[in-house]
Amino acid sequence: MTTTTEAEPQPRPATGRGDRVFQGLATAAGITILAALAAVFVFLAIEGVPGIGKPASSYRPLESFWPYVGRLLFGTVLAALVALVIAAPFALGIALFISHYAPRALAVPVAYVVDLLAAVPSVVFGLWGARVLGPHLVPVHAWLDEHAGWLPFFAGPGSVTGKTVLTAGTVLAIMILPIITAICREVFVQAPRLDEEAALALGATRWEMVRLSVFPYARSGIVSAVMLGLGRALGETMAVAMVLSASPVYTLNLISSTNPATIASNIASSFQEATPDKLAVLIATGLVLFVFTFAVNFAARAVVARSEQRLRR
Amino acid sequence: MTTTLEEAPPRRPLTMTAPRLPGWAPVLVGVLAVCGSGLLALLAGWGAVAVFALAVLGFLVALPLWSLAVEGQRSATDRLMTSLVWTASGVAVVPLAWLVLTVVRHGLPEVNASFLTFDMRNVVGDQQGGIYHAIIGTLLVTLAAAAISVPIGLFCAIYLVEYGKGKRLARWVTFLVDVMTGIPSIVAGLFALALFVLLFGPEIRLGFGGSVALSLLMVPIVVRSTEEMLRLVPDDLREASYALGVPKWRTIVKVVLPTSLGGIITGVMLATARVIGETAPLLVVAGKTDSVNVNLFGERMTTLPVYIYYQFTQPGTVPFDAPPGTEAPGIARAWGAALVLIAIVMALNLVARLVGRIFAPGTNQKKG
Amino acid sequence: MARSIDVSDLDIYYGDFLAVQGVNLTVRARSVTAFIGPSGCGKSTMLRSLNRMHEVIPGARVEGKVMVDGQSLYDPSIDPVAVRRQIGMVFQRPNPFPTMSIYDNVLAGNRLNSRRMKKAEADDVVERSLRRANLWAEVKDRLGRPGMGLSGGQQQRLCIARAIAVEPQVLLMDEPCSALDPISTSAIEDLIHELKADYTIVIVTHNMQQAARVSDDTGFFNLKAAGQPGHLVEFNATRKMFSNPDNAATEAYISGRFG
Ligand SMILES: Nc1ncnc2c1ncn2[C@@H]1O[C@H](COP(=O)(O)OP(=O)(O)OP(=O)(O)O)[C@@H](O)[C@H]1O
Ligand SMILES: [Mg+2]
């Protein structure tokens, strides 16, 4: 990350046998990382690519691979976006609270609570989401159906079990909240004090100070935080698998009882009864997920790199 | 420096007083909002959550409006944003509290000595079953994962900090470690599966496969935290050692690593806590069994998270003579196992933080 | 229209730590007042308490009285945000907003106050402020460029332009030249001379010659002893302070610095 340019203390040339062995080990470990990532791609490809052209029965109720994975990808993105829409404002608010608004006695415990949230295993989130949160959200579904039904997202009819994309998205939102909050908090804290005082000395209110002196610095950090959160949400398996009752459809309707599955949740729930053919198909969808999340993460870093450059200029 | 100065424009009079809401205004609005929504709820017969939501909403609307009327638009915006930020943080506490309370409430009645020491072999219906086999599985798989990831992660961090400075390989490794942190866990599981299926045929399921998958998730976390800790070791320390004629590798082993040991241990424990709750990869590659299996390299192996998942998806039926409201035996077991799992994870987190705090004075003082 | 400031019995605390104790002084309208003294004696703290910037620091508070033209600065009815609009501040290190152009930097304060400003009006404010800050000639062809692209001295003058664009009554400057070369320093000193016609200026400086050159009145702050709060040793007309101070400690400090 930070490549320090300061001169490294020069040891005596590493000629000893111990030195050579040790350096070799360290370098090998570094290369292992490259190898591992390459292996992920290669092995998924070897086992997965045949999954693209299996007999139609493997894609039931659809006929071939691309429509099959298309619906799943759609569901994946939909659930992740719902999660993001819910989580991002909260994460920004909490991060601001911890960095600029809270009295110190409150900032530390709130930060701690959010960190603890990150430690809860996803399967527990899934259990809670399916057994507790879902049923509790049923009235919300009904309310949305009744009052916001003209929006395609809430077209309804509202599910009576709460096993919907909305519930899954809410659970996902809770799960990605910590990572977005943590990164945002970090960049907010780093906004230069001097700039903040400049704004305040001009007669800015606290919010104006935040807008003037904190957000401009934090913009790239926020973007990357949100993208990383998106990456997490895209790949999250258990919470969705346990909360959602899925069927292969394209629908924007978040609250009805017909919901698209996500790639990950589909793998988890179809895995048990999978024939070898189906297994190959599932691995192929996993490959698609891998490539997709890779692209999202890559884009996040590109955005950060570019805006960092712009700030420096 | 003579610039023609225009005549300065006429000045406004000194106005430092702006109309301000009194300090107790937020309190007043808060109380009114709660009362108002409570009253409405009484009339309409809503639940407590609706009252609370309505009160918050009322506060968020009323205070800025009042401020707008008295203080003007800028203050109103400021007050709105302040209220929103506070609300967001308050709401954030809700899910954690709710979740932990639920797990404890449903889980506690389940957890007892038999639950911890029985497995699920031949358990039918609501007979006493347990999580013994899952605990064994979790420990073995996670330990094996740690055994793989810690050396790789440690050496990789050493490479990045001590040997790789400025090299192209190091830049690539740094970047790819970042990418690796973003790998979905199920993809890691599929990778391990694909690997072992290629080697041993499509029916293969084994605990060690789970360990491989978990290492893929664990290595980047270990690398990151170790790297950070190693960078905190001041260069003078290394120089002092070199000046005594100590070779570089011994300097690393005897000086650098001990100095940052506390931080490294913390990092490893946090990474372990993170992967111990992973479900998806193990579901895929380690499979599921009802009995104790202590052999990582043969047969299926159940871990706690997978156990929870299967108890959840195949809960069995509620006995016909049970009082109404009883949960299916599987669901009850899932809650019990969830409580145990959360306890393990939280304990790991707590100990990690303690270790970090105990060792902190030695390592964290140098360089921000 | 510039304002005078009366400070009486002012104590300033950071939490439990008493940083400055028992200050009494009067800053005259349309004059330059300099604060001098060794590092850590509370000059910045004192300065910040004059436009309530100390409130930004958690735990900081004041006891005592500051009257600006007869109004009590710490009165509950006073809005700190309004105060800072009237009493502007320039900091030790130039701090233009890094993401804004020169033009936008100058207007930052005005934009906060009135959302809609006609283009012509805005141009007018920018030109007038930059002219007063002696920066117009140097930047008039690149107003759209980032403020960070200027030299340190130019940045500092940009910050001054930004501060006077909102037409404050008082200008507080905390070591405005400490990060600057002699040429930029002299440009800013000239500027202070010119601004004096319209503004009340308070400046903190470590540079004795600068205090002697630009100020009308000088306050010397010192620590009684290490760990003790800072206090105002002497407050007098600059000419008297530098030729014939009342207090022996003042003389020692000033002459020590002159070597
Ligand atoms: N934010 C703060 N929190 C706690 N104490 C502070 C803070 N800022 C300053 N102090 C303390 O108040 C005292 C006065 O500090 P101040 O910055 O006003 O000194 P100064 O005279 O401006 O020094 P310098 O010439 O170095 O700028 C010092 O003892 C300092 O440690
Ligand atoms: Mg100072």
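Because the model is predicted, local features need pLDDT of at least 70 and side-chain atom pairs count only at pLDDT 80 or more, whereas totals for chains, interfaces and linings use all residues. Residues are numbered from 1 along each chain as its sequence is written, chains are lettered from A and ligands numbered from 1 in the order in which they are written, and side-chain values use heavy atoms, with hydrogens and water left out.

Ligand 1 is surrounded by 13 residues, and the closest include C:Ser39, C:Lys43 and C:His206; a residue is near a molecule if one of its heavy atoms lies within 4 Å of it. Strand E2 (17-27) and helix H1 (43-49) of chain C each supply at least two residues of this shell, and H1(C) gives the most, with 3 residues. Helices (H or I, at least four residues) and strands (E, at least two) are DSSP runs, numbered from the N terminus. Polar contacts are pairs of N or O atoms within 3.5 Å; within protein, one must be able to donate a hydrogen and the other to accept it, and residues adjacent in sequence count only if both atoms are side-chain atoms. An oxygen atom of ligand 1 lies 2.6 Å from an N or O atom in the side chain of C:Ser44. For the side chain of C:Glu175, the distance from an N or O atom to an oxygen atom of ligand 1 is 3.2 Å. A nitrogen atom of ligand 1 is 3.4 Å from a polar side-chain atom of C:Tyr14. Taken alone, ligand 1 exposes 630 Å², of which the protein buries 64%; accessible areas come from the Shrake-Rupley method with a 1.4 Å probe, and for residues only the protein chains shown count as cover.

C:Glu175 is also touched by C:Thr205, where contact means heavy atoms within 4.5 Å. C:Thr205 is found in the loop between strand E8 (200-204) and helix H8 (208-214) of chain C. With a relative accessibility of 3%, C:Thr205 counts as buried (under 20% relative accessible area; exposed is over 50% and partly exposed in between, with a 1.4 Å probe and protein chains only). The side chain of C:Thr205 makes a polar contact of 2.8 Å with the side chain of C:Gln210, and a polar atom of the C:Thr205 side chain lies 2.9 Å from the backbone nitrogen of C:Asn207.

Over all chains there are 24 salt bridges, each a side-chain nitrogen of Lys or Arg within 4 Å of a carboxyl oxygen of Asp or Glu. One of them joins C:Arg128 and C:Glu167 (3.3 Å, N to O). C:Arg128 lies in helix H4 (residues 119-132) and C:Glu167 in the loop between helix H6 (152-165) and strand E7 (170-174) of chain C, so the pair ties together parts that are 39 residues apart in sequence. Both C:Arg128 and C:Glu167 are buried. Salt bridges that share partners also join A:Arg193, A:Glu196, A:Glu197 and C:Arg48 into one network.

A nonpolar surface patch of about 650 Å² includes A:Phe41, A:Val291 and B:Phe200 among its residues. Patches are made of residues with over 30% relative accessible area and no salt bridge: like charges are joined within 9 Å, nonpolar side chains (Val, Leu, Ile, Met, Phe, Trp, Tyr) within 5 Å. A:Val291 lies in helix H10 (residues 276-312) of chain A and is partly exposed at 43% relative accessibility.

Conventions
Lists of a residue's contacts leave out its neighbours within four places in sequence.
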